[in-house]
Amino acid sequence: MATSIDVSDLDIYYGDFKAVEGVTMSIPAKSVTAFIGPSGCGKSTFLRSLNRMHEVVPGARVDGRVVMGGQDLYGSDVDPVEVRRQVGMVFQRPNPFPTMSIYENVLAGNRLNSRRMKKSEADDIVERALRGANLWKEVSDRLDKPGAGLSGGQQQRLCIARAIAVEPQVLLMDEPCSALDPISTSAIEDLIHELRTEYTIVIVTHNMQQAARFSEDTAFFNLAGAGKPGRLVEMNSTKKIFSVPDDPSTEAYISGRFG
Amino acid sequence: MSAPTTSPPAPPPARAKRRIGDVLFRGSTQVAAGIILVALAGVAIFLTAEGIPALRADAAHLAGESTFLAYAWPLLFGTLLAAFIALLIATPLAIGVALAISHYAPRRLANLVGYVIDLLAAVPSVVYGLWGANVLGPAMVPVYRWLSEHLGFLPLFAGPASGGGRTMLTAGLVLAIMALPIITAICREIFSQTPRLHEEAALALGATRWEMIRMAVFPYSRSGIVSAVMLGLGRALGETMAVALVLSAFRIVSWDLVSGTAPSTIAANIALSFPEATGVGVNVLIATGLVLFVITFAVNFSARMIVARSEKGLVR
Ligand SMILES: Nc1ncnc2c1ncn2[C@@H]1O[C@H](COP(=O)(O)OP(=O)(O)O)[C@@H](O)[C@H]1O
Ligand SMILES: [Mg+2]
């Protein structure tokens with residue numbers, strides 16, 4: 001049920017400020033695509049335009065097409081709320097709902113979608129999502145405890161469980177490990193590796209090794225110059241990007257000569 | 001902070017000066033806190049000392065009642081009823097307006113509405129009283145008629161409907177408008193402090209704006225809403241002039257919200273009866289003041305308890 005995403009000529013604005021310009025790319029289904037590039041080049045902005053989260057910032061808008069499963073997400077008859085139910089998102093800082101239990105956190109998205117759920121049905125969803133997020137063993141005996149009581153890495157996996165509980169087609173992750181310690185990071189990396197068989201995953205990362213380790217494709221973003229909008233420099237298979245990239249600036253960034 | 005050996009030590013005068021500043025600041029804040037406590041204690045002692053003789057007052061000074069309790073109870077009833085009606089109306093309205101300002105309206109409009117609501121707080125209560133008695137009350141008369149005709153089987157609307165509109169419901173409405181600014185201002189502040197992180201978590205799950213507010217905004221602001229409402233309640237309980245102008249000074253216990261014979265409140269009764277009170281009659285009024293003082297205190301205290309308890313579970 002995962003689907004590919006085709007972006008054509010996308011410009012992204014914050015009010016009058018053009019943050020990203022002219023992105024055209026094709027994100028394959030059931031694989032991991034990594035976005036890399038220096039800070040401020042618009043990786044987060046572009047990622048958030050893929051589930052229409054960009055426009056929750058006042059004055060923010062986009063211009064261009066994002067086609068998922070044959071439908072333009074920015075078509076005039078498309079409800080952004082529906083888009084977000086199809087495209088899950090995991091943020092840089094873990095953000096479980098602090099007043100909800102672990103159980104309720106996992107179900108938060110499902111509760112929005114559906115009328116009443118039977119208890120057994122809800123239990124199944126929670127267990128499946130938590131197992132899917134490699135968290136079940138650690139929390140199965142305290143599902144009624146607040147989600148905020150978990151460690152940072154566990155909270156992030158709880159957020160992943162919450163995102164996959166509604167069985168989205170695409171999972172967007174914005175530097176999901178950057179606030180975590182190395183052990184939690186490797187737990188999440190393993191998880192992302194497993195999730196690729198079911199979801200189209202797009203992940204922003206600052207960590208080159210991470211991108212090289214588990215992504216199939218990598219897109220390198222850069223600023224055209226100080227004060228200019230960010231743009232997509234090149235997108236290729238990860239193997240190629242990290243060995244013989246097409247663009248000299250990609251190679252300079254990866255080998256650490258700038259950024 | 002300690003300087004390494006190579007750099008010159010900080011000049012002693014500067015350090016001494018800063019110390020003096022600290023001492024002055026700490027001293028002045030402690031004095032200020034002390035003054036507040038002393039003033040509060042002074043009020044309590046005054047009210048108690050001057051109120052005690054009221055317990056032995058005779059019927060002549062108790063408007064015909066045999067005991068102080070029988071005298072004060074209808075006033076207390078009126079006070080609580082008016083304040084309760086006011087909050088019942090003001091709370092949802094204030095929360096709605098605050099949400100509109102913090103989460104719905106475009107920035108420019110939100111600022112304007114916020115400003116207008118703040119202005120309501122600057123209107124003197126005597127103006128509210130005159131407006132309630134002369135404008136709002138008469139304007140509400142058809143509504144009161146309708147209520148007593150169609151819902152007259154409820155004790156609340158038993159009627160007969162007041163011809164001048166100076167009813168309990170009018171008093172409650174006026175108090176609601178007076179309590180609105182403080183509740184709105186605090187709610188607005190609290191709503192806009194909701195962490196962006198959690199609002200986005202809800203939105204990214206596909207929550208509509210209202211669902212996002214229920215998932216992310218309300219859980220954060222529950223304790224703040226309670227304190228805001230309690231501050232509004234404080235205003236409604238103690239309000240004097242507006243109620244005195246709207247309600248005639250009856251001392252009865254009646255649930256009828258639409259009739260002209262409505263229970264007065266403690267504060268309004270003090271204001272209306274004080275000019276004619278003599279001797280023990282003054283003590284009686286002061287004793288009712290003590291009752292109001294205790295009630296207000298209890299309300300604030302229980303509000304703090306609720307807030308403290310609900311905040312314990314909230315890890316920020
Ligand atoms: N909410 C916002 N309002 C205005 N400008 C923003 C906002 N968020 C990001 N930007 C700007 O958009 C550009 C891209 O930012 P971002 O997408 O966060 O970059 P990255 O994730 O690659 O570090 C930056 O110039 C940043 O200042
Ligand atoms: Mg970013």
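**Ligand 1.** I looked up which element gives the most to the shell around ligand 1, and it is H1(A), with three residues. Helices here are DSSP runs of H or I with at least four residues, strands are runs of E with at least two, and both are numbered from the N terminus. The model is predicted, so local features need pLDDT of at least 70 and side-chain atom pairs count only at pLDDT 80 or more, while totals for chains, interfaces and linings use all residues. Residues are numbered from 1 along each chain as its sequence is written, and chains are lettered from A and ligands numbered from 1 in the order in which they are written.

I found 13 residues around ligand 1, and the closest are Tyr14(A), Ala19(A), Lys43(A), Ser44(A) and Thr45(A). A residue is near a molecule if its C-beta atom, placed from the backbone, lies within 6 Å of it. Strand E2 (17-27) and helix H1 (43-49) of chain A are the elements that give two or more residues to this shell. By class, I noted five nonpolar, seven polar and one charged in the shell around ligand 1. Nonpolar covers Ala, Val, Leu, Ile, Met, Phe, Trp, Tyr, Cys and Pro; charged covers Asp, Glu, Lys and Arg; the others, Gly among them, are polar.

**Chain A meets chain B.** Next I checked the interface: 19 residues of chain A are in contact with 17 residues of chain B. Contact is called when two C-beta atoms, placed from the backbone, lie within 7 Å. On the chain A side, helix H2 (80-86) and helix H3 (102-113) are the elements that give two or more residues. That side of chain A splits into twelve nonpolar, four polar and three charged residues.

**H6(B).** Then I went over to helix H6 (residues 196-204) of chain B, where the buried residues are His198(B), Glu199(B), Ala201(B), Ala202(B), Leu203(B) and Ala204(B). Buried means 20 or more other C-beta atoms within 10 Å of the residue's own, exposed means 12 or fewer, and partly exposed is in between, with C-beta atoms placed from the backbone. The cover over the buried residues of H6(B) includes H2 and strand E6 (87-90) of chain A, together with helix H7 (209-238) of chain B. Just after H6(B), I saw that Gly206(B) takes a positive phi of about 95 degrees.

**H3(A) against H6(A).** How do the axes of H3(A) and helix H6 (residues 152-164) of chain A cross? They come within 6 Å and cross at roughly 40 degrees. That makes H3(A) oblique to H6(A). In H3(A), Ile102(A), Asn105(A), Val106(A), Ala108(A) and Gly109(A) meet Leu158(A), Ala161(A) and Arg162(A) in H6(A). I sorted this contact by class as five nonpolar, two polar and one charged residues.

**Positive phi.** Most residues other than glycine have a negative phi, so I looked up two exceptions. Asp9(A), in strand E1 (residues 5-14) of chain A, has a positive phi near 50 degrees. Asp9(A) is exposed, with 11 other C-beta atoms within 10 Å. Asn134(A) has a positive phi of about 55 degrees, and sits in the loop between helix H4 (119-132) and helix H5 (136-139) of chain A. Asn134(A) is partly exposed, as 18 other C-beta atoms lie within 10 Å.

**Gly256(A).** Last entry: is Gly256(A) buried or exposed? Gly256(A) counts as exposed, with 8 C-beta neighbours inside 10 Å. I found Gly256(A) in the segment after helix H10 (248-254) of chain A.

Note on methods
Axes are lines fitted to C-alpha atoms, for helices over the stretch in contact, and angles run from 0 to 180 degrees between N-to-C directions. Angles under 35 degrees count as roughly parallel, over 145 as roughly antiparallel, 65 to 115 as roughly perpendicular and the rest as oblique.
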